[in-house]
Amino acid sequence: MNLDLTGKNAIVCGSTQGIGKAIAIELALLGANIILIARNEVKLNSVRKELDTSKGQEHHYLTADFSLPPQLKLVVEDFIEINDMEINILVNNTGGPASGPIEDAHIDDFVHAFSSHLICNQILVQLIKEGMKKSGYGRIINIISTSVKQPLNELGVSNTIRGAVANWGKTLANELGQYGITVNNVLPGATDTSRLKSIIENKASKNGVNADDVKNEMANQIPLKRIAQPEEIANVVAFLASPAASYINGINVPVDGGRTKCL
């Protein structure tokens, strides 16, 4: 099986912690040159130093805020132009919207989430797609949520926006496949990240219970009876980014230990 990414250039968004960081580490181990994107420059530089360079990889980071799409566009566009670089792999990964029931969500919550997820994804695709077409190798991987298949309680805005991103990704897959570019959606279930910790703490506070009890209850709803580690999500992304996944296109891949009830 060919998992070699030597010489490939990969943008990984939201890559200073959690799933994004784990993805960057895994892609680097397979030989890719990584371009990290996030808001915190100190954390970005720290993660860059952790990435494998045993195959001669050169890693970079870009500081950008996904709540400011024009800034993201300018930063990435300048980097690609200055370095005359073709991007082969794009991992769209952005922190999820605040939790809460959809009936209480403000209009601004939807606008902000749509902008930082779908609009920023679209900006990045438009910046890198011509390079992918030219090289004949492209992998666009969207980190979304199992809510694409089965809406989750207390995540009203997230459920809505994630569904939009999934359909955007499927549409792109239909359009770009002819150029050797695949587009797939990875749907993590409950994963041990700061995002999950925040959700657990909010639920515990709201119901007046212990956070550990909430986490244990969540784990018990999963057939594997445990929460995922970020590296387990990263492994799936790495496979989809590799030459071995060349005929996988336009799919939603739940990585949730079997929690999602539907097929």
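**Salt bridges, rings and cores**

E130 is partly exposed, with a relative accessible area of 45%. Here buried means under 20% relative accessible area, exposed over 50%, and partly exposed in between, with a 1.4 Å probe and protein chains only. The model is predicted, so local features need pLDDT of at least 70 and side-chain atom pairs count only at pLDDT 80 or more, while totals for chains, interfaces and linings use all residues. Residues are numbered from 1 along each chain as its sequence is written, and side-chain values use heavy atoms, with hydrogens and water left out.

E130 belongs to a network of salt bridges that also links K129 and K133. A salt bridge is a side-chain nitrogen of Lys or Arg within 4 Å of a carboxyl oxygen of Asp or Glu. Between K129 and E130 the N to O distance is 2.9 Å; between K133 and E130 the closest N and O atoms are 3.6 Å apart. K133 and E130 are three residues apart in helix α4, and therefore separated by about one helical turn. Helices (H or I, at least four residues) and strands (E, at least two) are DSSP runs, numbered from the N terminus. K129 is partly exposed at 22%, as is K133 at 24%.

The structure holds seven salt bridges. Another of them joins E232 and R226, at 2.7 Å from N to O.

K133 also lies over the face of Y179, 4.3 Å from the ring centre. A charge sits over a ring if NZ of Lys or CZ of Arg is within 6 Å of the ring centre and within 35 degrees of the ring normal. The charged end of R139 sits over the ring of Y137 in this way, 4.2 Å from its centre.

Y137 is in turn one of the residues in contact (heavy atoms within 4.5 Å) with K8, along with A32, N33, N88 and I89, leaving aside neighbours of K8 within four places in sequence. K8 is in the segment before β1 (9–13). K8 is buried yet has no salt bridge; D4, the nearest side chain of opposite charge, is 7.3 Å away. Lys and Arg count as positive and Asp and Glu as negative, with His and the chain ends not counted.

A nonpolar core is a set of buried Ala, Val, Leu, Ile, Met, Phe, Trp, Tyr and Cys residues joined through side-chain atoms within 4.5 Å. The largest has 34 residues, of which I11, I37, L72, V76, L90, I128 and I140 touch the most other members. α5 gives the most to this core, with eight residues.
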